[in-house]
Amino acid sequence: MIAKNCDGQIPECGPLAAEDETMLAAADAAIDTVRDAMEKFAIHRAMAAIIGLVSEADRYFAGQEPWALRKTDPERMATVLYVTAEVVRQVAILLQPAMPTSAGKLLDLISIPETERDFKHLGKAGRLKAGTPQEKPSPVFPRYVAPEE
């Protein structure tokens with residue numbers, strides 16, 4: 001949607017609604033949950049927390065309906081797309097230890113420099129910059145095709 005509706009650039013983040021703030025706060029807090037789990041060698045809990053954040057972002061995106069906002073409130077659509085892209089950025093950084101290639105592809109798609117992919121760039125410190133050009137969208141995970149028998 002960013003490629004089609006925002007000239008292929010990270011959109012401006014307008015005024016945040018309560019839902020936006022809640023979503024960003026959940027993404028910002030994920031590092032603490034992941035660190036706590038990893039310190040206890042509970043890798044499964046760390047991954048569950050990250051996947052839980054992905055599920056929450058999916059609910060946020062579906063509930064905000066940016067495809068409908070495109071026609072009725074383009075500024076709000078831009079904010080929803082910004083918040084969603086920011087959550088994707090943080091999820092991808094968190095997933096790098098477990099899925100380095102796929103997480104790297106996600107970070108490439110949203111044009112995150114190699115120097116800004118470590119945990120110190122999570123949260124508000126590393127927020128996306130509006131106007132950053134994006135890669136042409138491409139699948140991170142190839143579609144599974146069953147082999148012919």
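In this predicted model, α3 and α5 pack at an angle of about 170°, with 10 Å between their axes. That angle makes α3 roughly antiparallel to α5. From α3, the contact draws on Met47, Ile50, Leu53, Val54, Ala57, Tyr60, Phe61 and Gln64. From α5, it draws on Arg76, Thr79, Val80, Leu81, Val83, Thr84, Val87, Val91, Leu94 and Leu95. By class, this α3–α5 contact holds 14 nonpolar, three polar and one charged residues.

Gln64 belongs to helix α3. Its relative accessibility is 16%, so Gln64 counts as buried, the cut-off being under 20%. With residues up to four places away in sequence set aside, Gln64 touches Glu19, Leu69, Arg76 and Val80. Thr84 sits in helix α5. Thr84 is likewise buried, with a relative accessible area of 16%.

Helix α2 spans residues 18–39 and helix α3 residues 43–64. Their axes lie 8 Å apart, at an angle of about 170°. This makes α2 roughly antiparallel to α3. On the α2 side, the contact is made by Glu19, Asp20, Thr22, Met23, Ala26, Ala27, Ala30, Thr33, Val34, Ala37 and Met38. On the α3 side, Ile43, Arg45, Ala46, Ala49, Ile50, Leu53, Glu56, Ala57, Tyr60 and Gln64 take part. The residues of this α2–α3 contact divide into 14 nonpolar, three polar and four charged.

The largest nonpolar core comprises 35 residues. Within this core, Met23, Leu53, Val87 and Leu94 touch the most other members. Two or more residues come from each of α2, α3, α5 (74–95) and α6 (100–109). Helix α5 provides the largest share of this core, with 12 residues. The surroundings of Met23 were also examined. Leaving aside neighbours within four places in sequence, Met23 is in contact with Leu53, Glu56, Ala57, Tyr60, Val83 and Val87.

Helix α6 has buried residues of its own. Ser102, Ala103, Gly104, Leu107 and Leu109 are buried in α6. The buried residues of α6 pack against α5. Just after α6, Ser111 adopts a positive phi of about 55°.

Charged pairs were considered next. The count of salt bridges comes to eight. One of them joins Asp28 to Arg127, with the closest N and O atoms 2.8 Å apart. Asp28 lies in helix α2 and Arg127 in the segment after α6, so this pair ties together parts that are 99 residues apart in sequence. Arg127 is buried, with a relative accessible area of 18%. Arg127 also meets Glu86 in a salt bridge, at 3.2 Å from N to O. That pair links distant parts of the chain, with Arg127 in the segment after α6 and Glu86 in helix α5, 41 residues apart. Glu86 is buried, with a relative accessible area of 0%.

Lys129 and Glu116 are 13 residues apart, and both are placed in the segment after α6. Glu116 has a relative accessible area of 25% and is therefore partly exposed. Elsewhere, salt bridges that share partners join Asp28, Glu86, Arg89 and Arg127 into one network.

Technical notes. Residues are numbered from 1 along each chain as its sequence is written. This is a predicted model: local features need pLDDT of at least 70, side-chain atom pairs count only at pLDDT 80 or more; totals for chains, interfaces and linings use all residues. Side-chain values use heavy atoms; hydrogens and water are left out. Axes are lines fitted to C-alpha atoms, for helices over the stretch in contact, and angles run from 0 to 180 degrees between N-to-C directions. Helices (H or I, at least four residues) and strands (E, at least two) are DSSP runs, numbered from the N terminus. Angles under 35 degrees count as roughly parallel, over 145 as roughly antiparallel, 65 to 115 as roughly perpendicular and the rest as oblique. Contact means heavy atoms within 4.5 Å. Ala, Val, Leu, Ile, Met, Phe, Trp, Tyr, Cys and Pro count as nonpolar, Asp, Glu, Lys and Arg as charged, and the others, Gly among them, as polar. A nonpolar core is a set of buried Ala, Val, Leu, Ile, Met, Phe, Trp, Tyr and Cys residues joined through side-chain atoms within 4.5 Å. Buried means under 20% relative accessible area, exposed over 50%, partly exposed in between (1.4 Å probe, protein chains only). A salt bridge is a side-chain nitrogen of Lys or Arg within 4 Å of a carboxyl oxygen of Asp or Glu.
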